[in-house]
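Okay, thanks for coming, everyone.

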Amino acid sequence: MDTTGWLSLDEAADYLGMGKTVLYTLARESKIPSRKVGKKWTFERQALDAWVRASEPFETFFLNIEANLDGDNSLREPQRDGYQRSYEFFHAGKNNGIIQLPVGCGKSGLAAILPLGLAAGRVLVIAPNLQIKDELFAAMDITNRQKCFWRKTGVLRPDQMVAGPLACTLDSGNISIAKKCHIVITNIHQLATNEDKWLSLFPENFFDMIIVDEAHHSAAKSWENAMERFPKAKVIFLTATPFRSDRKVINGELIYRFPFRSAMLKGYIKRLKASYVAPSEVTLSFKDQAVKSYTLDEVMELKEDEMFSRGIAMSEPCNQHIVESSLAKLEELRQSGTQHQLIAVACSINHAKDIRKLYVERGYSANVIHSKLTEEEQEEILGRLRNGSLDCIIQVQMLGEGFDHPKLSVAAIFRPFRSLAPYIQFVGRIMRVIVQNDPTHPDNVGHIVTHLGMNLDARLKEFKDFENDDQAFWDKVIGGEEPEVSQAVRDGSTRLRSGERVVVHGEIIDSLWEEDFITLEDAHIIEDLRERMTLMGLDPSHVEEMVKKAKQSALRKHAATEPFPILPQKQWEELKRRVSEQGARLAKILLNHVELESGGTEIAYKYKTLRIISGKNNYVCALMMVNQQIKDELGTTRQDASSEEFKELLDNLDDKILQPLVRKLRKAKSDYEQSKA
């Protein structure tokens, strides 16, 4: 028999295990790949293999596929081990397994190999958002020759993928498309939000396996509905943080976790360091109390109080020191020649714009991204981030799971996190490495910078307990809850208070405290160094002594960051911009105070005493009133105002702009209502 190319009718029938008459009939009816040479039929082996795979029933397709999952491929350790544990788990008759892998360790690749040899039918892959769904589809699209995971890693040969696995999404088409595919990939909103469109159309046995990515979302009702629709399916949850902040626990058994420390040692994630601006003295006042100075020891006692930590977060002096310390870390990283970038998180949109000003006036390009922007505006900002023209991006509940930009290497935190999950998810934005599998490369370092008064060292302690599998930690954090920040607070439309409950008037910084984000135990370091030295042909017998000499204390103190110079022109431009932004914000707050809708027309057409000449709706009229009040307070045009005049105005928005207009508008509203009585 020809073992490389073409087969005769007899050889092909023997190769396929079918009768010659049946094969002859299939060839005559063009139902099998074949060629007639003279009076004889011939069959190409590779074409027959593809025909067999294309004819494989869905129930046996993944079970019979010969995947290369051993050591001679490009699979990472957590992918290979995660698959093996899943295989053992399901073959033991269990279901609902949880696999925890840190960001950047290959959850998409693991999702791609999990069906191989395990799924007795179609596979459903559920993502929390469109971005992750698109990444998963690219990894399992056999027509995508650059990103197909099976092709890149050599798990499947090209000839094995001629007829599958075939993947589809629920972006378009109907259930007839899903019936032709081995894998259906969707985000949860497409699948479950409109149940009549998709979920109810699938029979309960349509999928044999369900893979849930970013599974800490899976306790939400929409996810539960999807799980209940397919009660007999094997379910595997993939997550970086297997705990939720809403008091709900993922319904499954943890079958495998790859520690963050192992991911760092292997070079899968960056080596992270946490830095805290440490004040030797803070001058502040609590509401209705006198100004007082507090020592560092007193700050350490106060930082657990939510009111105090939020006051620190909203304080311009504290924000300035975080900005300068984070820029120092950015410049330190950029000495390698790589254009590292910075990501910051703020309490609200208005707070984020204040932070943007601090970066820009120091000569760095910065922008704010939030959900109130249009998709086009968001894409323009992300485009600038990706092409390197943006140094800093400040986000408000954006750029979450699935956002992949390895050059983000500094995380500046300007808001207190009350629980671990959102803290880790934000820090995850800087974990992705720039140089793969090289833990010692200078570009594979990341810095988290914040203020000691925000109590985020407590979150890091919780994280280290999480790494150590501390059961007391699990009991505490699983039951924790991150207070949901209201939309009105995030977008700045809530009423402006006459003053913060804690106001920081100034602080003296004489040190920056630093600690490793992940504490490497001696045993882990020694084992890894021994392995590396052996591979390099070096003597590993002195590793213990090397580790002992190199080991640093857990918390290290460094000199405070030198102040960054402020460019007068940039400062003036940003202050002028902030006046315009605050004017638009105050117009909304003004209407909020007097309970008027933005789209209404009362101010222009009913409140005659205001003498508003034009304005198509209440918002436009309110904006005109605010801008006129700003002009009156400045005593000149914005173009001719100084930075000092802008600062004075911005520091007194409530007293000098908002409250006078509130009184004026309330009187006009009252006068109108009395005239109608």
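Let's start with asparagine 618. Leaving aside its neighbours within four places in sequence, this asparagine is in contact with Leu591, Leu596, Glu597, Ser598, Gly600, Thr601, Glu602 and Ile603. Before I go on, keep in mind that this is a predicted model. So, is asparagine 618 buried or exposed? With a relative accessibility of 0%, asparagine 618 counts as buried, because the cut-off for that is under 20%. As for where it sits, asparagine 618 belongs to helix α26.

That brings us to the helices. Take α26, residues 618-634, and α28, residues 653-676: they pack at about 130°, and their axes are 10 Å apart. An angle over 145 degrees would count as roughly antiparallel, so α26 and α28 are oblique to each other. Their crossing is right-handed.

Which residues of α26 and α28 meet? From α26 we have Met625, Val626, Gln629, Ile630 and Glu633, and they meet Lys656, Ile657, Pro660 and Leu661 of α28. Sort the residues of that contact by class and you get 6 nonpolar, 1 polar and 2 charged.

Now look at α28 again, this time with helix α24, residues 568-593. Those two pack at an angle of about 40°, with 10 Å between their axes. α24 and α28 are therefore oblique to each other too, and here the crossing is right-handed. On the α24 side, the contact is made by Gln582, Leu586, Ile589, Leu590 and His593. On the α28 side, you'll find Leu653, Ile657, Leu658, Leu661, Val662, Leu665 and Arg666. By class, that's 9 nonpolar, 2 polar and 1 charged.

Okay, on to the cores. In soluble globular proteins, nonpolar side chains tend to be buried together. How many residues does the largest nonpolar core have here? It has 128, and the ones with the most contacts inside it are Met140, Trp150, Tyr359, Ile393, Tyr423 and Phe517. Strand β11, residues 271-286, gives the most to this core, with 8 residues.

Zoom in on methionine 140. Apart from neighbours within four places in sequence, methionine 140 is in contact with Ala111, Ala112, Val125, Trp150, Pro165, Ala167, Ile183 and Ile185.

How values were computed: Residues are numbered from 1 along each chain as its sequence is written. This is a predicted model: local features need pLDDT of at least 70, side-chain atom pairs count only at pLDDT 80 or more; totals for chains, interfaces and linings use all residues. Side-chain values use heavy atoms; hydrogens and water are left out. Axes are lines fitted to C-alpha atoms, for helices over the stretch in contact, and angles run from 0 to 180 degrees between N-to-C directions. Helices (H or I, at least four residues) and strands (E, at least two) are DSSP runs, numbered from the N terminus. Angles under 35 degrees count as roughly parallel, over 145 as roughly antiparallel, 65 to 115 as roughly perpendicular and the rest as oblique. A crossing is left-handed if the near helix is turned anticlockwise from the far one by less than a right angle, and right-handed if clockwise. Contact means heavy atoms within 4.5 Å. Ala, Val, Leu, Ile, Met, Phe, Trp, Tyr, Cys and Pro count as nonpolar, Asp, Glu, Lys and Arg as charged, and the others, Gly among them, as polar. A nonpolar core is a set of buried Ala, Val, Leu, Ile, Met, Phe, Trp, Tyr and Cys residues joined through side-chain atoms within 4.5 Å. Buried means under 20% relative accessible area, exposed over 50%, partly exposed in between (1.4 Å probe, protein chains only).
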